[in-house]
Amino acid sequence: MANILIVEDETSLNEAYNIILTKEGHKPTSVFNGLQALKAVAKQVPDLILLDLRMPEMDGVAFLEKLQAPTNHPKTKITIFSNYDVQQDIDEAFKLGATRYMLKAWASPKELVRVVNETLTDKPSKGQVKKT
């Protein structure tokens, strides 16, 4: 069981991810933007952050800049799970500590579970980009 922070502004997707990951035995916490995510990490450092890039108030890249995960939370894994596929922002997210990227549009619930579990065990998965 892993502590997973879901950072997703679309309520229905956030709820769906929470249900799927709970059924899988994980302990998800849901927030809806980067500001809320920073507060959640300050309360409890997650094993994995499932991060959308485009959100109100503070987007995913700005969140990663503030979080400084490689320095402050080196054991926390970060998976970008977004429909936003601008390569410059994806590259910036990797520079700021993200380790995986996957398009939400390609992910079924089964695929979400696979991506999360393989990220937690640091195994590459088909359809993922892994920073090397």
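Five salt bridges turn up in the structure, which is a predicted model. Side chains of opposite charge can pair when their charged atoms come close.

Take Asp 52 and Lys 104 to begin with. Their side chains meet in a salt bridge, with N to O at 3.5 Å. Both residues sit in loops: Asp 52 lies between β3 (48–51) and α3 (60–67), while Lys 104 lies between β5 (100–103) and α6 (109–120). The pair therefore ties together parts of the chain that are 52 residues apart in sequence. As for burial, Asp 52 has a relative accessible area of 4%, so it counts as buried. Lys 104 is buried too, with a relative accessibility of 8%, because the cut-off for buried is under 20%.

This pair is also part of something wider. Salt bridges that share partners join Asp 52 and Lys 104 with Glu 8, giving one network.

Asp 89 is buried at 16% relative accessible area, whereas Arg 54 comes out as partly exposed at 35%.

Helix α6 supplies a local case. The side chains of Glu 111 and Arg 114 meet in a salt bridge, with 2.6 Å from N to O. Both residues lie in α6, and the spacing between them is three residues, or about one turn of the helix. On the accessibility side, Glu 111 is buried, with a relative accessible area of 15%, while Arg 114, at 30%, counts as partly exposed.

A word on confidence, then. The protein chain averages a pLDDT of 89, and 92% of the residues score at least 70. The stretch to watch is residues 125–132, where the pLDDT is below 50. In the model, this stretch still has 25 contacts beyond near neighbours in sequence. Where pLDDT is low, though, the predicted coordinates should not be read in detail.

Technical notes
Residues are numbered from 1 along each chain as its sequence is written. This is a predicted model: local features need pLDDT of at least 70, side-chain atom pairs count only at pLDDT 80 or more; totals for chains, interfaces and linings use all residues. Side-chain values use heavy atoms; hydrogens and water are left out. pLDDT is the predictor's confidence in each residue, from 0 to 100. Contact means heavy atoms within 4.5 Å. A salt bridge is a side-chain nitrogen of Lys or Arg within 4 Å of a carboxyl oxygen of Asp or Glu. Helices (H or I, at least four residues) and strands (E, at least two) are DSSP runs, numbered from the N terminus. Buried means under 20% relative accessible area, exposed over 50%, partly exposed in between (1.4 Å probe, protein chains only).
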